[in-house]
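Hi there,

Here is the structure I promised to pass on to you. Please open it first, and then read my notes alongside.

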Amino acid sequence: MVTMLILILLPVAFLLPPWAGAGEIIGGWEAQPHSRPYMAYLSIQRGDKNLFCGGFLVSQNFVLTAAHCKGDKITVILGAHDITKWEGSRQVIPVRRQYPHKDYNKESYNNDIMLLQLEHKAKLNEQVRLIPLPLAHQGVQPGTVCSVAGWGQTSAQNKELPHKLQEVDLKVLDDQTFIES
C-alpha cells in the first residue's frame with residue numbers, strides 16, 4: 001500500500017528542482033483562511049531542536065512532505081490557518097511512521113519526498129480535506145501557473161516566518177531551463 005502510494009505521488013515531487021527552497025513562499029501573500037484544507041503543518045522534534053515543515057493530506061492517514069523533514073517525533077496539525085492561535089477546526093495527530101524515499105540524498109536533496117503515516121485517520125470536513133492530485137501519468141506542462149502554499153518566509157530579506165498560511169502563484173518551467181541554470 002505505501003509503495004503504491006509513493007509510486008503514484010512521486011511525479012508531484014518533481015514539480016520543483018532539487019535545489020528549490022521548498023520552505024519559502026517568496027513574493028507570497030496571506031491565503032484566504034481555510035481555502036487550502038489539505039495543508040498540514042508539521043511540528044518536528046529532532047534531537048534538542050524544534051523545527052517545522054509543511055505538507056499536504058493525501059489520504060485520511062497519510063501526509064506527503066519532504067524527506068529533509070524527518071525527525072525523532074513529528075506531530076501533524078490539520079485544519080489550521082494561523083498556527084499561533086487555537087482554531088476549533090484544528091486536528092492534532094501524531095505520526096506513527098515515516099517513509100522517506102529510499103534514494104533520498106541529503107547533500108543534493110534529490111528524491112526529497114516522504115510519506116508520514118498518521119497515528120489515526122483525520123476526520124474530513126470543510127477545513128480538512130484531501131488534496132486533489134493528478135493521475136500518475138499526467139504531467140504539468142511548462143507555462144502552467146501553479147499555486148504554492150505554506151508557512152515559509154515570503155521574502156529573502158525578512159527571515160521572520162509568517163504564522164498565517166501564505167500562497168504564491170508560480171509558472172512551471174521546462175526541464176531544459178533547469179539544466180541551463
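Below are my notes on the chain, from the overall layout down to single residues.

First, the ground rules. This is a predicted model, in which residues are numbered from 1 along each chain as its sequence is written, and local features need pLDDT of at least 70, side-chain atom pairs count only at pLDDT 80 or more, and totals for chains, interfaces and linings use all residues. Side-chain values rest on heavy atoms, with hydrogens and water left out.

How confident is the predictor? The mean pLDDT (the predictor's confidence in each residue, from 0 to 100) is 84 for the protein chain, and 84% of its residues reach 70 or more. Over residues 1-22 the pLDDT is below 50, and beyond near neighbours in sequence this stretch has 25 contacts (heavy atoms within 4.5 Å) in the model. Where pLDDT is low, the predicted coordinates should not be read in detail.

On the overall layout, the chain has two helices and nine strands. These are DSSP runs numbered from the N terminus, with helices being H or I of at least four residues and strands E of at least two. The order of elements from the N terminus is α-β-β-β-β-β-β-β-β-β-α. Of the 181 residues, 37% count as buried, where buried means under 20% relative accessible area, exposed over 50%, and partly exposed in between (1.4 Å probe, protein chains only). Among contacts between residues at least 6 apart in sequence, 65% join residues at least 24 apart.

Next, the interior. A nonpolar core is a set of buried Ala, Val, Leu, Ile, Met, Phe, Trp, Tyr and Cys residues joined through side-chain atoms within 4.5 Å. The largest one has 19 residues, and Leu42, Leu57 and Val63 are among those with the most contacts inside it. Strands 2 (39-46), 3 (49-59), 5, 6 and 7 (114-118) each supply at least two residues of this core. A second, separate core of 17 residues includes Ala80, Tyr99, Ile113 and Leu165.

Glu87 deserves a look of its own. It sits in the loop between strand 5 (73-78) and strand 6 (91-100). Glu87 is buried yet has no salt bridge, and the nearest side chain of opposite charge, Arg90, is 4.1 Å away. A salt bridge here is a side-chain nitrogen of Lys or Arg within 4 Å of a carboxyl oxygen of Asp or Glu. A polar atom of the Glu87 side chain does lie 2.8 Å from the backbone nitrogen of His81. Not counting residues up to four places away in sequence, Glu87 touches His34, Gly79, Ala80, His81 and Asp82.

Two of those neighbours come up again. His34, in the loop between strand 1 (29-30) and strand 2, has a positive phi near 65° without being a glycine. Most residues other than glycine have a negative phi, and most peptide bonds are trans. Asp82 is buried at 4% relative accessibility, and it forms a salt bridge with Lys85, the closest N and O atoms being 4.0 Å apart. Lys85 itself is partly exposed, at 49%.

How many salt bridges are there by this rule? The count comes to five. Another is the pair Arg129 and Glu126, at 2.8 Å from N to O, with Glu126 exposed at 56%.

Happy exploring!

Note on methods
Lys and Arg count as positive and Asp and Glu as negative; His and the chain ends are not counted. A polar contact is a pair of N or O atoms within 3.5 Å; within protein, one must be able to donate a hydrogen and the other to accept it, and residues adjacent in sequence count only if both atoms are side-chain atoms.
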